[in-house]
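Subject: Structure handover

Hi,

Here's the structure I promised to pass on.

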Amino acid sequence: MARAEVDAGFDYATDAAIMAGKDKVAFTVPTREPVRYPAAPVAASANAPMAVRFVEFLGSAPAQSVLAKYGFGKP
């Protein structure tokens, strides 16, 4: 869409928002449930404690502020 590889397609509202001026929203498809982006630390991670801290950070006010700026709702 923004790269002119196709004439039309489906895009998440958050992706379309950051491509304002390049993507044109023709209509919005309502959904029964919101799209969710789950996050969880991986137990076998090489840096499991940092993964836990990152997931905790995602729920913090500063992280939520950045996510809201890009159109993401609260978890």
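This is a predicted model: local features need pLDDT of at least 70, side-chain atom pairs count only at pLDDT 80 or more; totals for chains, interfaces and linings use all residues.

Helices here are DSSP runs of H or I with at least four residues, strands are runs of E with at least two, and both are numbered from the N terminus. By that rule, Tyr37 sits in the loop between helix H1 (13-18) and helix H2 (48-58).

Residues are numbered from 1 along each chain as its sequence is written, and side-chain values use heavy atoms, with hydrogens and water left out.

Now, how covered are the residues? Buried means under 20% relative accessible area, exposed means over 50%, and partly exposed is in between (1.4 Å probe, protein chains only). Tyr37 has a relative accessible area of 48%, so it is partly exposed. Gly9, in the segment before H1, is also partly exposed because its value is 47%. Gly73 is in the segment after H3, and it counts as exposed because its relative accessibility is 60%. Thr14, in helix H1, is at 12%, so it counts as buried.

What does Thr14 touch, leaving aside its neighbours within four places in sequence? It is in contact (heavy atoms within 4.5 Å) with Tyr37, Tyr70, Gly71 and Phe72.

Tyr37, Tyr70 and Phe72 turn up again in a nonpolar surface patch of about 680 Å², along with Tyr12, Ile18, Val35 and Val66. Patch residues have over 30% relative accessible area and no salt bridge; like charges are joined within 9 Å, and nonpolar side chains (Val, Leu, Ile, Met, Phe, Trp, Tyr) within 5 Å. A salt bridge is a side-chain nitrogen of Lys or Arg within 4 Å of a carboxyl oxygen of Asp or Glu. The areas come from the Shrake-Rupley method with a 1.4 Å probe, and for residues only the protein chains shown count as cover.

Then there's the largest pocket. It is lined by 36 residues, and Tyr12, Ala13, Thr14, Val35 and Tyr37 lie nearest its centre. On a 1 Å grid over the protein atoms alone, a pocket is an open set of points where a 1.4 Å probe fits, with protein on both sides within 12 Å along at least five of seven lines; lining residues have an atom within 4 Å of a point.

Cheers
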